[in-house]
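Keep the model open as you read.

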Amino acid sequence: MSLDPETLSQFLDMLDRFVRERLVPNEERVADDDAIPDDLVHEIRDMGLFGLSIPEEYGGLGLTMHEEVQAAFVLGQTSPAFRSLVGTNNGIGSQGLIIDGTPQQKESYLPQLATGEMVASFALTEPEAGSDAGSLRTSARKDGDHYILSGTKRFITNAPRAGLFTVFARTDPSSKTSAGVTAFLVEADTSGLSLGPIDRKMGQKGSHTCDVILDGCRVHESAIIGGPDRLGQGFKTAMKVLDRGRLHISAVCTGNAERLIRDSLEYAMDRKQFGEPIAEKQLVQAMLADSRTEAFAARCMIEETARRKDAGQNVSIDAACCKMYASEMVGRVADRAVQILGGAGYIADYGVERFFRDVRLFRIYEGTTQIQQLVIARGMIRQASA
Ligand code: COS
């Protein structure tokens with residue numbers, strides 16, 4: 001369901017004000033403390049940001065993909081750690097349930113996820129299965145009408161806060177590929193589930209990842225996403241979730257790029273060298289113009305792909321194009337921003353250095369650039385052979 005244009009525009013204005021007045025002033029504090037303060041978490045909850053893409057019938061805002069990317073452009077105007085806090089409830093943590101879950105499963109979890117009372121995480125990656133997600137080894141052994149899950153999941157975003165995990169595990173031990181993988185809903189307090197220490201990361205301080213260890217974790221077969229009939233269909237659920245997640249991340253990348261462009265333009269107009277603001281220097285102008293053009297291109301691609309997804313078209317290839325382009329683009333924009341600020345770009349006080357480290361992750365998670373290339377090229381070959 002789509003919001004009427006006036007409601008959407010009011011919501012985006014409110015979000016923009018919240019980002020500028022409450023989140024941007026707290027960026028440095030969050031990075032220094034490696035934590036989002038509780039009062040801000042509450043404000044984020046009160047704004048309804050945990051439930052952006054959760055259907056209205058379950059208490060969310062029910063944004064369409066096109067509306068969701070508009071919100072992500074705005075949320076991208078600040079440190080990605082804030083977006084990450086709500087990112088798994090709106091994206092990879094809840095979408096498996098929204099796309100393929102049973103009505104009972106949705107009823108049990110989505111209302112709590114929509115308010116942020118419960119946080120959901122997506123547990124696909126393993127120590128030996130990253131890009132080759134289909135080779136995962138976590139096993140789910142049948143025991144009557146239960147399954148016993150054993151294995152380790154790695155780099156799981158929001159795991160330390162999560163109340164619910166979408167766990168991908170192999171229910172068919174004879175298969176070594178993506179066939180035979182099933183998606184389970186596993187509550188964090190299930191006996192046998194424990195967490196590793198919080199990972200020490202290059203950036204995105206305030207957003208936490210860690211290992212999720214499943215050691216004989218017993219869940220009922222009704223915990224299979226979509227119910228026992230969807231045994232062995234979990235990898236497809238993961239891929240559908242990632243199609244959507246990749247578009248969302250692309251919009252966050254574009255928001256971050258726009259923020260960096262604004263900051264570097266402001267600096268260039270203020271900083272004087274050789275008797276004039278460096279923004280008057282053509283070599284600096286070239287960097288500003290390149291960044292503006294690339295961010296604009298990303299925005300157009302994302303809006304177009306989101307509209308087509310809302311219209312029910314298969315956008316796997318184009319979502320991968322958006323993810324590849326936008327995440328690489330924000331890397332180039334951040335690099336130019338450091339260059340425009342010069343020495344100040346390398347000093348933590350100016351913030352650009354922090355974004356430079358933060359945005360590096362975008363080229364890696366939810367599928368590396370190389371995986372997006374593979375998805376795009378394979379899709380092209382498939383289309384041409386059809
Ligand atoms: N939507 C629905 N189904 C999909 C799909 C999509 N976007 N992409 C693939 N599938 C289906 C395929 O149709 C195939 O089904 P059939 O066997 O019935 O034909 C099945 O899933 C397996 O697909 P495929 O053969 O392409 O799988 P591969 O093991 O070769 O892997 C890649 C495909 C590499 C694309 C996948 O492993 C991947 O995305 N890896 C990156 C994982 C990732 O992003 N990790 C980040 C961590 S999560 S934050």
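**Domains and helix packing**

Taken over C-alpha atoms, the centres of domain 1 and domain 3 are separated by 21 Å. Please bear in mind that this is a predicted model. The protein chain is divided into domain 1 (5-115), domain 2 (120-235) and domain 3 (241-385). Domain 1 and domain 3 also touch: 24 residues of domain 1 are in contact with 28 residues of domain 3.

An unreviewed UniProt entry lists residues 6-117 as "domain: Acyl-CoA dehydrogenase/oxidase N-terminal". In the model, residues 6-117 are 70% helix and 0% strand, with end C-alpha atoms 29 Å apart. Next, the unreviewed entry gives "domain: Acyl-CoA oxidase/dehydrogenase middle" for residues 121-217. Here the picture is 0% helix and 47% strand, and the end C-alpha atoms lie 17 Å apart. Finally, the annotation "domain: Acyl-CoA dehydrogenase/oxidase C-terminal", also from an unreviewed entry, covers residues 232-380. Residues 232-380 are 74% helix and 3% strand, and their end C-alpha atoms are 27 Å apart.

Now let's zoom in on some helices. Find helix 1 (residues 5-23) and helix 4 (residues 65-75), which pack at an angle of about 20° with their axes 9 Å apart. Angles under 35 degrees count as roughly parallel, and helix 1 and helix 4 are therefore roughly parallel to each other. The crossing of helix 1 with helix 4 is right-handed. On the helix 1 side, the contact is made by Leu8, Phe11, Leu12, Leu15, Asp16 and Val19, while helix 4 brings Glu67, Gln70, Ala71, Val74 and Leu75. Sorted by class, the contact of helix 1 with helix 4 has eight nonpolar residues, one polar and two charged.

For another pairing, turn to helix 3 (residues 38-46) and helix 5 (residues 80-90). Their axes are 12 Å apart, and the two helices pack at an angle of about 55°. That angle makes helix 3 oblique to helix 5. Helix 3 and helix 5 also cross in a right-handed way. Which residues make the contact between helix 3 and helix 5? Helix 3 supplies Leu40, Val41 and Ile44, and helix 5 supplies Phe82, Leu85 and Val86. In this contact of helix 3 with helix 5, six residues are nonpolar, with no polar and no charged ones.

Definitions and conventions
Residues are numbered from 1 along each chain as its sequence is written. This is a predicted model: local features need pLDDT of at least 70, side-chain atom pairs count only at pLDDT 80 or more; totals for chains, interfaces and linings use all residues. Side-chain values use heavy atoms; hydrogens and water are left out. UniProt positions are given in the numbering used here, feature names are shortened, and annotations may be inferred rather than shown by experiment. Helices (H or I, at least four residues) and strands (E, at least two) are DSSP runs, numbered from the N terminus. Axes are lines fitted to C-alpha atoms, for helices over the stretch in contact, and angles run from 0 to 180 degrees between N-to-C directions. Angles under 35 degrees count as roughly parallel, over 145 as roughly antiparallel, 65 to 115 as roughly perpendicular and the rest as oblique. A crossing is left-handed if the near helix is turned anticlockwise from the far one by less than a right angle, and right-handed if clockwise. Contact means heavy atoms within 4.5 Å. Ala, Val, Leu, Ile, Met, Phe, Trp, Tyr, Cys and Pro count as nonpolar, Asp, Glu, Lys and Arg as charged, and the others, Gly among them, as polar. Domain bounds come from an automatic or database domain assignment.
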